Amino acid sequence: LQHRTYLPNAVTNGYESAGAWVDSTVELMNELMVYGSNIFHNAMSGTNVPTGNITIDKTQLSLFRLDKTKILALDDSNARKSYWLRDVVSASLFALVYYNGLTFNNNASNSLGVRPAFLIY
């Protein structure tokens, strides 16, 4: 299913400073969808409301709320894997779910897994 969502596309001083409404069928999850709150995501810059606060994804997904073990991503051999979230932490860092299920952040140039979200009707 296609839906309209707002995705940040620029960072200034470590905060999301611009974005665009796009038609989407699949995207990366954010911290709110996985953990139910912002952890590393810069929610306030101290002078204005950052663009990153504009989102339609404001609640934890029921799967993760009901069963925290589902936050873990497993590969075909049941090994735990880290995966990116779409939250900007700074100009060069993004939030991720670490292989043990805890939140972390890492340099955007690193290679990690993705675990996309999409609507089911």
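Good morning, and let me begin with the sheet: three strands form an open sheet in the order E6-E7-E8, with antiparallel pairing. Its edge strands are E6 (83-88) and E8 (103-107), each of which pairs on one side only. Neighbouring strands of this sheet are turned by 40° against each other on average, direction ignored. Such angles run from 0 to 180 degrees between N-to-C directions, the axes being lines fitted to C-alpha atoms.

Before I continue, please note that this is a predicted model, in which local features need pLDDT of at least 70 and side-chain atom pairs count only at pLDDT 80 or more, whereas totals for chains, interfaces and linings use all residues. Residues are numbered from 1 along each chain as its sequence is written, and side-chain values use heavy atoms, with hydrogens and water left out.

Two terms are needed at once. Strands (E, at least two residues) and helices (H or I, at least four) are DSSP runs, numbered from the N terminus. Two strands pair if DSSP finds at least two bridges between them.

In these terms, the protein has 2 helices and 9 strands. From the N terminus on, the order is β-β-β-α-α-β-β-β-β-β-β. Of the 121 residues, 32% are buried. Here, buried means under 20% relative accessible area, exposed means over 50%, and partly exposed lies in between, with a 1.4 Å probe and protein chains only.

Let me return to the sheet. Strand E7 (residues 93-97) pairs with E8 over 5 bridges, in the antiparallel sense. Within that pairing, Ala95 stands opposite Asn105 in E8. In the loop between E7 and E8 we find Leu102. Is Leu102 buried or exposed? Leu102 is exposed, because its relative accessible area is 54%. Leu102 also belongs to a nonpolar surface patch of about 390 Å², together with Tyr98, Tyr99 and Phe104. A patch of this kind takes residues with over 30% relative accessible area and no salt bridge, the nonpolar side chains (Val, Leu, Ile, Met, Phe, Trp, Tyr) being joined within 5 Å. The areas come from the Shrake-Rupley method with a 1.4 Å probe.

On the other loop, between E6 and E7, lies Ala91. Ala91 has a relative accessible area of 64% and is therefore exposed. Between the C-alpha atoms of Ala91 and Ala108 there are 8.9 Å in space, for 17 residues in sequence. Strand E6 itself contains Trp84. With a relative accessible area of 11%, Trp84 is buried.

Which residues touch the most other members of the largest nonpolar core? Of its 13 residues, they are Met29, Val34, Tyr35, Ile71, Tyr83, Leu85 and Val97. Helix H1 (31-35), E6 and E7 each give two or more residues to this core, and H1 provides the largest share, 3 residues. By a nonpolar core I mean a set of buried Ala, Val, Leu, Ile, Met, Phe, Trp, Tyr and Cys residues joined through side-chain atoms within 4.5 Å.

Strands E1 (residues 3-12) and E2 (residues 15-24) run antiparallel and are joined by 9 bridges. Tyr6 has Trp21 in E2 as its bridge partner. The hairpin has 2 residues between its strands, and Asn13 in the turn shows a positive phi of about 55°. Most residues other than glycine have a negative phi. Asn78 is exposed, because its relative accessible area is 57%.

Finally, the salt bridges, each a side-chain nitrogen of Lys or Arg within 4 Å of a carboxyl oxygen of Asp or Glu. How many does a search of the whole structure find? It finds 3 salt bridges. In one, Arg4 meets Asp23, with the closest N and O atoms 3.0 Å apart. This pair links E1 to E2 across 19 residues. Arg4 is partly exposed, at 45% relative accessibility.

Another joins Glu27 and Arg86, at 3.9 Å from N to O. Glu27 lies in strand E3 (residues 27-28) and Arg86 in E6, so this pair ties together parts 59 residues apart in sequence. Both Glu27 and Arg86 are buried.

There is also a salt bridge between Asp75 and Lys81, at 3.7 Å from N to O. Asp75, at 27% relative accessibility, is partly exposed, and Lys81, at 40%, is likewise partly exposed. Thank you for your attention.

Technical notes. Patch = residues over 30% accessible without salt bridge, like charges linked within 9 Å, V, L, I, M, F, W, Y side chains within 5 Å.
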